[in-house]
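Please look through the sequence and the model below before reading on.

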Amino acid sequence: MESLTYTPRGALTPNRPLADLTWLRVGGPADWLFQPADEADLAAFLRALPPEVAIFPMGVGSNLIVRDGGIRAVVIRLGRGFNAIEVAGETVTAGAAALDAHVARRAAEAGRDLTFLRTIPGSIGGAVRMNAGCYGAYVADHLVSVRLITRAGEAVSLPAADLHLAYRSSELPEGAVIVAATFRAGAGDPAALAARMEAQIAKRDASQPTKERSAGSTFRNPSGASSTGRADDTHELKAWAVIDKAGMRGARLGGAQMSEKHSNFLINAGGATAQDLEQLGEEVRKKVLQTQGISLQWEIMRIGEY
């Protein structure tokens, strides 16, 4: 980064291995890892960064496979200066680094219902980018606006409509880094909201391998919607159901495995490489296509070089 005309206040680390920053614990190094001190530091850094240098904003790595060759870019990881949570009337504003679960709990304490966030692994920036959701509720149902720093280093606010949120997707300006999001949250009794979140956690832990090294759901549901958790929910077009039908529950390749507990969870069963994980995922996709004519789409983001 010899040509950088700005000395950041945050930490800028060259050739930083990323495996310990992802839930699957795999992946090679980033050319640079930047952990900005605050918004102003991030904006000044991006303004000074040569435009040809690629950036990759990374959350807590809960939904990510970094390939074994690493990432030829500056990986930007937001931390302590970006995790404030503020409740004002019916709105909740959270920094992009705030954990989804913390936002749900803080809102509930203030009598505001964002309980759907409680069981979603990861941070708010990633939740917005993926339009995360579960039990029939999505970020799109609550998002009012996002604040972001553009690749040119400008701070802008965008209304939720500009992100074109869809199932597990959004449209963000190229190279922009989400720094905060504002949600509208209905009123609720704090004790009732807390009880609902406890029930959601118990249900999740009973059905998902939460003690394993996973990255959440591996593939999007072919139905194009999250599980609602209701008794009338249908399962034929759930990713786990088509994976089961293809005989791939528990399938292994090297240190990678499709979980026995929930077959849409790809886990690092010990010593897996990123290649093991991605290759096993591709085997599953091939098997589902062969047996049922359904082309599964990855929900986990894969990035970097082989």
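## Two packed helices

Helices H2 and H4 are roughly antiparallel to each other, a label that is given to angles over 145 degrees. Helix H2 (residues 100-109) and helix H4 (residues 190-207) pack at an angle of about 155°, and their axes are 8 Å apart. Here an axis is a line fitted to C-alpha atoms, for helices over the stretch in contact, and angles run from 0 to 180 degrees between N-to-C directions. Helices (H or I, at least four residues) and strands (E, at least two) are DSSP runs, numbered from the N terminus.

Ala 104, Arg 105, Ala 108 and Glu 109 in H2 are in contact with Pro 190, Leu 193 and Met 197 in H4, where contact means heavy atoms within 4.5 Å.

## Basis of the model

This is a predicted model, in which local features need pLDDT of at least 70 and side-chain atom pairs count only at pLDDT 80 or more, while totals for chains, interfaces and linings use all residues. Residues are numbered from 1 along each chain as its sequence is written, and side-chain values use heavy atoms, with hydrogens and water left out.

## The mixed sheet

An open sheet with mixed pairing is formed by 4 strands in the order S1-S2-S5-S3; two strands pair if DSSP finds at least two bridges between them. Strand S1 (11-17) and strand S3 (55-58) stand at the edges with a single partner strand each, so one side of each is left without a neighbour in the sheet. From one strand to the next, the twist averages 30°.

Strand S3 and strand S5 (residues 71-77) run parallel and are joined by 4 bridges, and Met 58 stands opposite Arg 77 in S5.

## The antiparallel sheet

A further open sheet has 5 strands in the order S6-S7-S13-S11-S12, with antiparallel pairing. Strand S6 (85-88) and S12 are its edge strands, each pairing on one side only.

Within this sheet, strand S11 (residues 143-149) is joined to strand S13 (residues 177-184) by 6 bridges, and Val 146 has Ala 181 in S13 as its bridge partner. Strand S11 also pairs with strand S12 (residues 155-159) over 5 bridges in the antiparallel sense. What do S11 and S12 form? They form a hairpin with 5 residues between them, and Gly 153 in the turn has a positive phi of about 90°.

## Helices across the strands

Helix H1 (residues 39-48) lies across S11 and S13, running at about 55° to S11, whereas H2 lies across S6 and strand S7 (91-95), running at about 30° to S6.

Definitions and conventions. Parallel < 35°, antiparallel > 145°, perpendicular 65-115°, else oblique.
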